[in-house]
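Biologist: Could you walk me through this model? I'd like to go over the salt bridges, the core and the open spaces.

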Amino acid sequence: MTATNPATVATTHTTSTRIADSAKGPRKKGPRKTGRGKLRFAAGPVGFAVRPRVLGAGVLLLALMGTAFVASLAMGDYELSWADVVKSLFGTGPSDAELVVHELRLPRALVAVLVGFALGLAGAVFQAVTRNPLAGPDIVGITGGASAGAVVAILAGGVGTGASATYGPVPFGALLGALATGALVYLLAFRRGTVSGYGFILVGVAANGMLVAFTRWALARVDIDAATRATAWLTGSLENRGYTQVWWMVIGLAVLVPPLVALVRPYGLLQLGDEIATGLGVRTGAVRTVLLVLGTCLAALATACAGPVVFVALAAPQIARGIAGTAEVPLLTSGFAGAAMVAGADLAARTAFPETVPVGIVTGLVGAPYLLWFLSRTNKVGRGG
């Protein structure tokens, strides 16, 4: 009897399977189940997998954002119907409605959505890289650096009255302050060729404390009028925002989002731990550095255009994570959650109070109880309760 080579049998079986598959014709394009609770979209050699619940969460958050966006265009001192708002967006509405929508409300609503999207992405990046749900631009000093930079611009005579405060050197001072703080925190936390998430947070908290103290000291040295105007910006405000800020946000997001999306796979693997990510071929040090730079730039861009809108970057990723039902922090879904939060908060800031208040006050009123609830919930989970 002749012995059979197992390798020959395996090769023959594989070849026969391929011939049989080819006889069935080409694979159909479109979604198909992967067997792991995901849908895989494939078109030839290109494909990607999506969890149905994550996709549903994104659609839900986009619907909430769209509802808040249209409502902010319709509601105000001059009420408009939603039909007139939609017609005005397409240039077919009444002349008075188009004036109110395009000139008065649309720029502010767009800035709210874009700023919220940037903050949601930034918060997701910081929380994913550090593997800490309490990490965010507000905690690690990025927002404090932006505030300090803005105050330096104010001390240099960069703040004016009304809309001039949003077009002068103050936003640029905030941008430079946030970027400089991010670079300083990164350098101080850099050890042995990499940056640990724990060290980054500790250095950031210390830097944030010093920057807050500096900001208060600097405001105490300016005249009362300049301090009053600066306080409105430091609270986080969308008042007097126009198409200039819209274009800043659009250009900034167009530069920062594509490389962030390109790193979505290592972004997800980093949340599993450095050992697993390294074993799967991720250069953890380089990827962590790039992600931190992108997250810092996103937070700096948003803060420069709207001031420090607090708690959005902290809460949006956890809200997105809860709705999506994932163990990791979803990236784009967090951006959609941030956009819906700021759009809704700005609508409340304009309509829910006797007078318009800064949007940062609304996010603070909502975010502070959320933070307390989250800390108490985390403490119970840690104790096994």
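Modeller: What follows is a short talk through those topics. This is a predicted model, in which local features need pLDDT of at least 70 and side-chain atom pairs count only at pLDDT 80 or more, while totals for chains, interfaces and linings use all residues. Residues are numbered from 1 along each chain as its sequence is written, and side-chain values use heavy atoms, with hydrogens and water left out.

Biologist: OK, how many salt bridges does a search of the whole structure find?

Modeller: The search finds two, a salt bridge being a side-chain nitrogen of Lys or Arg within 4 Å of a carboxyl oxygen of Asp or Glu. Glu 239 pairs with Arg 108, with the closest N and O atoms 3.1 Å apart.

Biologist: Where do Glu 239 and Arg 108 lie?

Modeller: Glu 239 lies in the loop between H8 and helix H9 (243-262) and Arg 108 in helix H4 (residues 95-130), so this pair ties together parts that are 131 residues apart in sequence. Helices here are DSSP runs of H or I with at least four residues, numbered from the N terminus.

Biologist: Is Arg 108 buried or exposed?

Modeller: Arg 108 is buried, with a relative accessible area of 11%, where buried means under 20% relative accessible area, exposed over 50% and partly exposed in between (1.4 Å probe, protein chains only). Asp 346 is buried as well, whereas Glu 239 is partly exposed at 37%.

Biologist: Switching to the core, which residues touch the most other members?

Modeller: In the largest nonpolar core, which has 93 residues, those are Val 115, Phe 200, Met 249, Leu 253, Leu 260, Leu 291 and Leu 298. H4 supplies the largest share of this core, 20 residues. A nonpolar core is a set of buried Ala, Val, Leu, Ile, Met, Phe, Trp, Tyr and Cys residues joined through side-chain atoms within 4.5 Å.

Biologist: What does Leu 291 touch?

Modeller: Leaving aside residues up to four places away in sequence, Leu 291 touches Val 125, Val 129, Leu 260, Leu 263, Tyr 267 and Leu 270, contact meaning heavy atoms within 4.5 Å.

Biologist: Now the second largest pocket: which residues lie nearest its centre?

Modeller: Thr 143, Ser 147, Val 212, Leu 234 and Val 310 do, out of 18 lining residues. Helix H5 (142-155), helix H7 (197-221) and helix H8 (224-235) each supply at least two residues of the lining, and H7 gives the most, with six. A pocket is an open set of points on a 1 Å grid over the protein atoms alone, with protein on both sides within 12 Å along at least five of seven lines; a cavity is a set where a 1.4 Å probe fits but cannot get out, and lining residues have an atom within 4 Å of a point.

Biologist: Which residues line the largest cavity?

Modeller: Its lining is Leu 119, Asp 138, Thr 143, Thr 303, Pro 308, Val 309 and Val 310.
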